[in-house]
Amino acid sequence: MSTSANGQTGHSHRLAIMSATGAAVGGFLFGYDTSVINGAVGAIEEEFGIGAVALGLVVSSALLGAMVGAWFAGPLSNRLGRIKVMIIAAVLFFLSAVGAGLAFHPVDLTIWRVVGGLGVGMASVIAPSYIAEVAPAHLRGRLGSLQQLAIVTGIFAALLVDYVIALAAGGAGEETPWGGTAWRWMFASCAVPAVVYALVAIKIPESPRYLVAKGQVRKATKNLQNLIGGNVDARIDEIQRSLKSDKPVRLRDVKGPFLGLMPIVWVGILLSVFQQFVGINVIFYYSSVLWSSVGFSSEDSMLITVITSVTNIVTTLVAIGLIDKVGRKPLLMVGAAAMTVSLGTMAVLFASAPLVEAADGSMQPALQGAAGPIALIAANVFVFGYGASWGPVVWVLLGEMFGNRIRASALAIAAAAQWLANWIISTTFPGLAEIGLGLAYGLYAMFALLAFVFVWRVVRETKGRELEDMDRLMDSKTTRAERGR
């Protein structure tokens, strides 16, 4: 076997790529489940007769479940294994799909959405963690980006299915030719990828790190050799050393001098919060309603949303090609700059648009003349900037920036913060939109600018580092801090 430039013996890494792809199917369900409601928002509002605040709660309820699921995914995966947690997430997805499709009231719809959210949260933590543990260092950025590629592909698939079902029924609130209201079939369609996820999870190998933690060193060694090739004894020794201080997810594990937490944990939290506070999920949860409100037909609005999701997929492929070449930090900075400009443009357009009376009697901004196409271009530039940077890169960083002994705890906290931030944005958007879309997009532009400054000043590059290197880096920082006291 030949030796590559990174020092590893020549190895196809086929199993590592297949395993990472299999784990990323959870990301597909993540994107599908959280976005399938996009096409159903208007129909749910009309059928149940609920207002903006209640609608925001129904739409964002899955995110509260995701926050809880993210928190418990770490300890569950340490106790049961990464694969079993993937299967549990798939079962929760399936139950949510069936329950939401049969919902008879906003309350039980909300409950079923929370159940699905638990699966979303688990998948959001277990996939980047598992991929980071099975991927060779020189491929980890690209394989870690598969999570985001799967998420945006899931978003596209959900929006496309919504569009096809609504088109067949003549609207999301209409009866389908095969029986049942269209929006109910939108939710029920989540059951199909849930079954696929469970079947795929059964076929991929367990994480070597989990096997070492359970004393199955021989099996861990075999799995690691199959995944990365070559002599893996030194890597197994590193894992064993790092596991000596490994503990369940507890806040005291990540205690530090800065507002009660380690600085590196705050970096992960803020990366997660900024990823959501730029308002990306407003595009994928509310875009059909948003474009309808400014003059586009219902069918055109859903088609625009599908096209936007395709843009998201293409840009994620760009990120996968660049992340291990350019690095994490430069991509984040370029993406934040693009989002600041595009969101600022949308804020100005919506703030300056004349108000017209909508069918429901409310006053809505009307994008007239060139303003409509410019807003569409700006929205897609925003999605391009996000998809090529903050979408995939944050997930990669969260999987690799923490030391082995705090990864489960820190990743759970950061992921929970991400879902909480997502919930805040998704819940507040309908109210902000009633005040003015210019205000909403202006706030998101401000957070994009703050994200740029944060990455520039605080975030460290992790390209090419082994996960065990993070333990040594943290140990050296701790030693310097103790000497400084």
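Predicted model: local features only at pLDDT ≥ 70, side-chain atom pairs only at ≥ 80, totals over all residues.
Local features are taken only at pLDDT of at least 70 and side-chain atom pairs only at pLDDT 80 or more, while totals for chains, interfaces and linings use all residues. Residues are numbered from 1 along each chain as its sequence is written, and side-chain values use heavy atoms, with hydrogens and water left out.

The chain has 485 residues, of which 58% count as buried. Buried means under 20% relative accessible area, exposed means over 50%, and partly exposed lies in between (1.4 Å probe, protein chains only). Its secondary structure consists of 20 helices and 3 strands, where helices (H or I, at least four residues) and strands (E, at least two) are DSSP runs numbered from the N terminus. A contact means heavy atoms within 4.5 Å. Among contacts in the chain with a separation of 6 or more, 80% are between residues 24 or more positions apart. The accessible surface of the chain is about 19100 Å², and 67% of that belongs to carbon and sulfur atoms. Accessible areas come from the Shrake-Rupley method with a 1.4 Å probe, and for residues only the protein chains shown count as cover.

Charged pairs come next. A salt bridge is a side-chain nitrogen of Lys or Arg within 4 Å of a carboxyl oxygen of Asp or Glu. By this rule the count is 5 salt bridges. One of them joins Asp 33 and Arg 113, with the closest N and O atoms 3.8 Å apart. This pair links distant parts of the chain, since Asp 33 belongs to helix H1 (residues 14-35) and Arg 113 to helix H5 (residues 106-134), 80 residues apart. Asp 33 and Arg 113 are both buried.

Together with Arg 209 they are linked in a network of salt bridges. A further salt bridge joins Arg 328 to Asp 324, with 3.0 Å between the closest N and O atoms. Arg 328 counts as buried because its relative accessibility is 0%, and Asp 324 is buried at a relative accessible area of 15%.

The aromatic rings follow. A pair of aromatic rings is described by the distance of the centres and the angle of the planes. Rings of Phe, Tyr and Trp (its six-membered ring) pair if their centres lie within 6.5 Å; planes under 30 degrees apart count as stacked, over 60 as edge-to-face and the rest as tilted. The count by this rule is 9 aromatic pairs. One of these is the stacked pair of Phe 350 and Tyr 441, at 5.5 Å centre to centre and 15° between the planes. Phe 350 lies in helix H15 (residues 328-352) and Tyr 441 in helix H19 (residues 437-457), so the pair ties together parts that are 91 residues apart in sequence. Phe 350 and Tyr 441 are both buried. Elsewhere, ring pairs link Phe 48, Trp 183 and Phe 187 into a cluster.

On the surface there is a nonpolar patch formed by Val 91, Phe 94, Leu 95, Val 98, Leu 102, Val 195, Leu 199 and Ile 202, with about 730 Å² of accessible area together. Patches are made of residues with over 30% relative accessible area and no salt bridge: like charges are joined within 9 Å, and nonpolar side chains (Val, Leu, Ile, Met, Phe, Trp, Tyr) within 5 Å. Helix H4 (82-101) and helix H8 (191-203) each supply at least two of the patch residues, and the largest share, 4 residues, comes from H4. Leu 199 is in helix H8 and is exposed because its relative accessible area is 53%.

Two further residues are partly exposed. Gln 225, in helix H10 (residues 217-228), falls in that class at 36% relative accessibility. Gln 225 and His 13 are 212 residues apart in sequence and 9.8 Å apart in space, C-alpha to C-alpha. Glu 45 is in helix H2 (residues 41-48) and is partly exposed at a relative accessible area of 33%. Not counting residues up to four places away in sequence, Glu 45 touches Ile 50 and Leu 55.
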